[in-house]
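Dear colleague,

I am passing on the structure below, and I would be grateful if you could look through it alongside my notes.

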Amino acid sequence: MTIKENYNQIMSQINEACQRSNRQEDEITVVAVTKYVSIETANQAIKAGIQDLGENRLEGFKEKFEVIGKQATWHFIGTLQSRKVKEIIDDVDYIHSLDRKSLAKEINKRSNRKIPCFIQVNTSGEESKHGLQPEQVNDFIKLLGDYENIEVVGLMTMAPLTEEQDVVRNCFKSLRNLRDQIQEMNLNHAPCHYLSMGMSQDFEVAIEEGATHLRIGTSLVGKELQ
Ligand SMILES: *Cc1c(COP(=O)(O)O)cnc(C)c1O
């Protein structure tokens, strides 16, 4: 299958999930996660009409940005070390993995514009997953009001890798509930409209639960590297 064929297939699944849940397709952004593929393949994704690319490692981000540049909208979706912030901050459009004050402080310091950020939340309780505990999120977002270069545009989570749909769905539901609570606080620095949730395995459930940003790697662009 070519990337274009994968993309068409995924778009039709998105369309069906939107119909099931009474949503509009244009509320949903597909971020092609290129962490397992070459620069060449990432470039093919752009040629296939994909606009948004996501990387979880600094090196992958930099090497692909160097070639593809501003043709794409760039999402940083992985754990980000504070001391590496300066290396991506001018080029990144969205950061999906804001999960601690030290990182917020560094983003604020290194940037000369507002950076749209998602707060990463650990909705599954798995120790292996990054992100804030749900009960920490409100206070964390309030303190981000001190940082003029950070705008909280949404929340991000990863569901566990399991066949149990209910477990996955509950993670997504709890992220949406949290998002709704934050919106009710009406904070200028945290409009928090978006939900970044859903990957190759579980994006249809994520749409049904309100996802606005799907992060899809393997089933869209494939897996070439480890
Ligand atoms: C790798 C990754 C994805 C995409 O995973 P696939 O299962 O390949 O679709 C999404 N989000 C994050 C944070 C990732 O690291």
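Predicted model: local features only at pLDDT ≥ 70, side-chain atom pairs only at ≥ 80, totals over all residues.

The UniProt record, an unreviewed entry, places the feature "modified residue: N6-(pyridoxal phosphate)lysine" at K35. In the model, K35 sits in the loop that runs between β1 (29–33) and α2 (39–47), and with a relative accessible area of 26% K35 counts as partly exposed, since buried would require a value under 20%. When neighbours within four places in sequence are left aside, the residues in contact with K35 are G54, E55, N56 and L225.

Helix α1 covers residues 3–20, and because its 18 residues, at 1.5 Å a residue, should span 26 Å, the 26 Å between its end C-alpha atoms agrees with expectation. Its buried residues are I3, N6, Y7, I10, Q13, I14, A17 and C18; they cover an arc of only 140 degrees around the axis, which means that they lie on the same side of α1. The elements that cover these buried residues include β1, α2, α8 (203–208), β8 (213–216) and α9 (218–221). After α1 comes N22, which has a positive phi, near 60 degrees.

As for helix α5 (residues 101–110), the buried residues there are L103, A104, E106, I107 and N108, and the buried residues of α5 pack against α4 (85–88) as well as the strands β4 (94–98), β5 (115–120) and β6 (150–156).

Conventions
Residues numbered from 1 in each chain as written. Heavy atoms only, no water. UniProt positions renumbered as here; feature names shortened; annotations may be inferred. Helix = DSSP H or I, 4+ residues; strand = E, 2+ residues; numbered from the N terminus. Buried < 20%, exposed > 50% of the residue type's maximum accessible area, 1.4 Å probe, protein only. Contact = heavy atoms within 4.5 Å. Expected span 1.5 Å × (residues − 1). Arc of directions from axis to C-beta.
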